[in-house]
Amino acid sequence: MEDSQKQEPPSVLKVLEALKQASHDLQNNPSLDSDDSNSSSIKPLLELETESDNILSKDPNLSTLSKHLSHLKALVQSLQSSRARHGLASFVTRRLTTHSLSRVAAAIESEIQSWIDRESVECLSRCLREPSQHNEDELVKLLTQFEDRVSQGFNRELQDLILKSKLFSSLESVLCNPNISVSMMIREHSAMAISALIRFNKDVFVGQVLMGQTIKALITTMASANSIGVLCSLIRSIKSPLVDEIESNGQIPKIISFLSSPDLQIRVLAFDCVLEIGYFGRKEAIDAMLEQDLIRKLVELQRSELGGDLIDLGRIESRIRENSREKRFMASHPFASCVARFWVQLEVGEGLRQREKRALKQLILVRVREASASDAEAATIVAEVLWGSSP
């Protein structure tokens, strides 16, 4: 696709970001040269007010912003007038006006953010409908900005925009539809945006993840380090219902197979995913992992140069938070004591009953002895599992 055919997002977003920054600066420093119409904070906002008839009057969504800008102009004029006079009354007037300037600036910032949200969602939605027609770098930028925005926390107006634009469906289509010609990077960023939406409001968007093809795409179609990272994030957010869905769709074996990947990052993230499933998974999911010879794979990882032993696991976890040397060791040995770490997740997790935990513990100890290369190795790992257990 020629660059001339690729569309750029509207530059209005850059202008709006500058206006938002100006209102933010004015909110934080309402008395700093705020009576000067050429102030770097006030000038762009007053210029927008001057052009409000041409720019704002055409959009009913901007009527409130127009009113705030008119109020700002009146406050600036009042402040200029009061500074020309002296005395207690003028001093009190300036203090009250400065306080009002800060409040109006905050309201303007909020309205401009809403304007940015409308423009951003509309632009992203339009680009996702025909992603191959747009510049990849700009599309990645839009997806990243969207992820950052929803990661700031819940916002009712923003959610309404997302639902009205059917943005989740567009993201899922880019992620899952093999007929859409986009790069792996675009698919990964779409997956990250979906994960951010779940954190934004799980109650609204989780059903679309569970009923759609997102999880299958992350595990089967993409199977990249980033996609597995997104999967871990989704499991932490959705918890047992998502683990149930993964198990019922027969995707546990694929996740366990990632532990044997030649890509170190995939192996590390796959282990993180196993730990998350261990914490939230019910017995069916745990059994499905064990049936894939999980304990043998973990023993092999622990035996590798990236493994190692951390005897007394429960105590060392608290020391790791305080001891930089041990932090560095864990960073360079991601599979250290991985069998015991897996067992601890089962023991403290939410998915298993106590009697199921007791039975699984005995099974894990048997599997450790079977997978160990020597009695010494078996004794060390068994001791770690026992030390990692609750009293």
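What volume does the second largest pocket have? Which residues line that pocket, and which helix gives the largest share of the lining?

A: Start with a caution: this is a predicted model. In it, the second largest pocket has a volume of about 240 Å³.

The lining includes D59 and N61. W115, R118, E119, V121 and E122 also line the pocket. So do D160, L161, K164 and S165.

Two helices, α5 (88–129) and α7 (156–165), each supply at least two residues of the lining. The largest share comes from α5, with 5 residues.

The lining has 6 charged residues, 3 nonpolar ones and 2 polar ones.

Two packed helices are described by the angle between their axes and the distance between the axes. Take helix α9 (residues 184–200) and helix α11 (residues 214–222). Their axes come within 11 Å and cross at roughly 145°. The crossing of α9 and α11 is left-handed. On the α9 side, the contact is made by M184, R187, E188, A191 and I194. On the α11 side, T214, L218 and M222 take part. By class, this contact of α9 with α11 has 5 nonpolar, 1 polar and 2 charged residues.

A second pair is helix α15 (residues 264–280) with helix α16 (residues 283–291). Here the axes come within 8 Å, and the crossing angle is roughly 145°. The crossing of α15 and α16 is left-handed. V274, I277 and G278 of α15 meet A285, I286 and M289 of α16. The residues of the contact of α15 with α16 divide into 5 nonpolar, 1 polar and no charged.

The model has 10 salt bridges. One of them joins E300 and R296, with the closest N and O atoms 2.6 Å apart. Both residues lie in helix α17 (residues 294–303). E300 and R296 are 4 residues apart, about one turn of the helix.

Back to the pocket, to close: α5 gives the largest share of its lining, 5 residues, and by class the lining has 6 charged residues.

Definitions and conventions
Residues numbered from 1 in each chain as written. Predicted model: local features only at pLDDT ≥ 70, side-chain atom pairs only at ≥ 80, totals over all residues. Heavy atoms only, no water. Axes fitted to C-alpha atoms, helices over the stretch in contact; angles between N-to-C directions. Left-handed = near helix turned anticlockwise from the far one by under 90°. Contact = heavy atoms within 4.5 Å. Nonpolar A, V, L, I, M, F, W, Y, C, P; charged D, E, K, R; others polar. 1 Å grid on protein atoms, 1.4 Å probe; cavity = no way out; pocket = protein on both sides within 12 Å on 5 of 7 lines; lining within 4 Å. Points joined across faces, edges and corners; volume = space filled by probe spheres on them. Salt bridge = Lys/Arg side-chain N within 4 Å of Asp/Glu carboxyl O.
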